[in-house]
Number of protein chains: 2
Amino acid sequence: MFSKFLNLSKDKQDRIINAALREFALKGYQNASTNEIVKQAGISKGLLFHYFNNKKDLYLFLFDYFIEMLMEEIHAHIDWDQRDIFIKYRNVAILKFGLFQKYPNAFEFIKRVYPEDSSEVKPDLENRKKEFLNKGYKDLFGDIDLTPFKEGIDIEKAVNIIYWTMEGFAYRLQAQTASVPVSQIQLEDIIAELDVYSEMLRHSFYQ
Amino acid sequence: MFSKFLNLSKDKQDRIINAALREFALKGYQNASTNEIVKQAGISKGLLFHYFNNKKDLYLFLFDYFIEMLMEEIHAHIDWDQRDIFIKYRNVAILKFGLFQKYPNAFEFIKRVYPEDSSEVKPDLENRKKEFLNKGYKDLFGDIDLTPFKEGIDIEKAVNIIYWTMEGFAYRLQAQTASVPVSQIQLEDIIAELDVYSEMLRHSFYQ
DNA sequence: TCAGTATTGACCAATGCGGTCAAGAGAATT
DNA sequence: AATTCTCTTGACCGCATTGGTCAATACTGA
């Protein structure tokens with residue numbers, strides 16, 4: 001189906017993918033403009049429609065492409081026997097960081113798929129969403145080890161605080177990253193800072 | 001300037017304001033459609049342009065309207081001598097909840113004003129933003145009492161965790177609220193739950 | 001030189017945009 | 001009942017942009 005596109009040079013593929021991701025992430029399906037995409041990608045109008053034969057197919061291709069990539073990355077890097085919530089979040093953070101370097105708008109894109117309600121793509125999305133997204137996260141954080149938590153603590157709320165802290169940290173990082181060349185950002189520094197937060201929360205909620 | 005509009009019935013004012021807020025919050029200045037606004041508000045096209053003579057004026061009116069309302073609410077309900085971070089967040093939460101009931105899209109709208117880069121409104125926004133928004137938040141949380149924090153703790157990070165927890169809680173609440181009639185939501189229940197989070201974090205980070 | 005593929009961008013009909021305005025609807029005044 | 005006045009309508013305007021097409025060109029390797 002998209003084999004013609006996948007035979008392009010990696011560089012050109014990424015330019016097109018990033019331009020399209022950005023546009024859809026920014027404006028949603030309906031208001032995204034294919035003209036804007038080709039302009040940002042530095043290709044001609046005809047080429048885009050040569051590879052993806054219409055706007056809808058392009059959109060769904062992006063979705064499938066990233067779900068598949070996310071799945072692969074997860075299965076390649078996550079230790080499924082690990083049940084400690086902090087270590088799991090740490091691994092997920094590393095993974096997300098790698099993907100974010102390559103495709104800065106992928107997470108924004110995925111986030112906007114949820115509330116997408118354009119009738120043109122909604123039915124196709126519904127099937128895909130149920131199949132993958134919810135399941136993915138539940139598999140990851142469904143069987144956390146609860147035994148190390150302090151007695152008497154409200155574990156559900158503690159888990160929420162941990163989640164919000166990790167998300168807040170990632171979100172702030174994302175905002176900073178937007179204004180700084182990606183190459184200058186050191187994964188080690190970020191993980192080190194994240195570990196401090198982990199340690200504080202571990203100290204708060206673990207025995 | 002907008003006296004004609006402000007003489008309308010409160011109900012009609014709110015319908016128009018909410019429709020416009022929602023549209024601008026969802027799509028940003030450039031992609032927001034006045035046709036969509038009048039459709040959602042249940043008024044005719046001509047009427048909107050009768051009250052606000054063009055799109056730009058409508059947008060800036062909304063901004064000014066909410067900044068002013070926010071300021072008034074803050075000055076009416078915030079105890080400026082209070083320096084405890086948890087009590088301050090509690091008060092802000094109560095305040096935000098009240099506003100959110102009336103104008104569910106106001107905060108999304110304000111949030112989208114920051115990165116707004118449409119050349120048509122940018123110059124007008126720059127002046128207003130500097131004057132109000134940053135200042136507002138800094139005044140609120142600029143002189144937190146740091147003495148109750150445990151010795152040896154990284155206070156900056158602790159404050160971040162508190163902030164992310166409060167934001168995360170508010171965000172999740174907002175998502176829930178979207179699918180439930182507003183009248184059924186009890187402020188007391190929400191504050192009670194928020195107090196549990198506060199207590200957990202207070203116990204973690206205070207002496 | 002030539003066949004075959006990759007790429008271009010002017011062009012199309014359709015849609016939606018911000019904004020206008022003559023005319024209608026309703027209420028108040030005479 | 002007639003008149004005046006304000007509120008409100010929605011068809012209409014010129015224009016920009018949309019998703020998508022396709023004949024023409026550039027590029028490639030033989």
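User: How many salt bridges does the search find over all chains, and what makes a pair a salt bridge?

Analyst: The search of the whole structure finds 30 salt bridges over all chains. The criterion is a side-chain nitrogen of Lys or Arg within 4 Å of a carboxyl oxygen of Asp or Glu. This is a predicted model, in which local features need pLDDT of at least 70 and side-chain atom pairs count only at pLDDT 80 or more, while totals for chains, interfaces and linings use all residues. Residues are numbered from 1 along each chain as written, chains are lettered from A and ligands numbered from 1 in the order written, and side-chain values use heavy atoms, without hydrogens or water.

User: Why is the pair A:Glu167 and A:Lys96 called a salt bridge?

Analyst: The closest N and O atoms of A:Glu167 and A:Lys96 are 3.8 Å apart, and the pair therefore meets the 4 Å limit. A:Glu167 lies in helix H9 (residues 155–177) of chain A and A:Lys96 in helix H6 (residues 85–102) of chain A; at 71 residues apart, the two link distant parts of the chain.

User: What makes A:Tyr29 and A:Tyr59 an edge-to-face pair?

Analyst: Rings of Phe, Tyr and Trp (its six-membered ring) pair if their centres lie within 6.5 Å, with planes under 30 degrees apart called stacked, over 60 edge-to-face and the rest tilted. The search of the whole structure finds 41 aromatic pairs over all chains. A:Tyr29 and A:Tyr59 have 5.1 Å centre to centre and 75 degrees between the planes, so this pair passes the distance limit and is classed as edge-to-face. Since A:Tyr29 lies in helix H2 (residues 10–31) of chain A and A:Tyr59 in helix H5 (residues 55–77) of chain A, the pair ties together parts that are 30 residues apart in sequence.

User: What joins chain B and chain A, and how many residues are in contact?

Analyst: With contact taken as heavy atoms within 4.5 Å, 22 residues of chain B are in contact with 22 residues of chain A. The buried area is about 1,800 Å², and carbon and sulfur atoms give 68% of it; this is the accessible area (1.4 Å probe) lost when the two parts are put together, summed over both. B:Lys157, B:Trp164 and B:Met200 supply 35% of the area that chain B buries against chain A, more than any other three residues. Zero salt bridges are found across this interface, but three residue pairs are in polar contact, both residues being at pLDDT 80 or more.

User: Which helices of chain B touch chain A?

Analyst: Helix H2 (10–31), helix H9 (155–177) and helix H10 (187–205) of chain B each supply at least two residues of that side. H9(B) gives the most, with nine residues. By class the side has eleven nonpolar, five polar and six charged residues; here Ala, Val, Leu, Ile, Met, Phe, Trp, Tyr, Cys and Pro count as nonpolar, Asp, Glu, Lys and Arg as charged, and the others, Gly among them, as polar.

User: Why is B:Lys12 said to be in polar contact with DNA strand D?

Analyst: A polar contact is a pair of N or O atoms within 3.5 Å; within protein, one must be able to donate a hydrogen and the other to accept it, and residues adjacent in sequence count only if both atoms are side-chain atoms. An N or O atom in the side chain of B:Lys12 is 2.9 Å from a phosphate oxygen of DNA strand D, and therefore qualifies.

User: Which residues come nearest to DNA strand D, and which element gives the largest share of the surface?

Analyst: Of the 18 residues around DNA strand D, A:Thr34, A:Asn35, A:Lys45, A:Lys55 and B:Tyr51 come nearest; a residue is near a strand if one of its heavy atoms lies within 4 Å of it. H4(B) gives the largest share, five residues.

User: What reaches DNA strand C?

Analyst: A polar side-chain atom of B:Lys45 lies 2.7 Å from a base oxygen of DNA strand C. H4(A) gives the largest share of the surface near DNA strand C, five residues.

Conventions. Helices (H or I, at least four residues) and strands (E, at least two) are DSSP runs, numbered from the N terminus.
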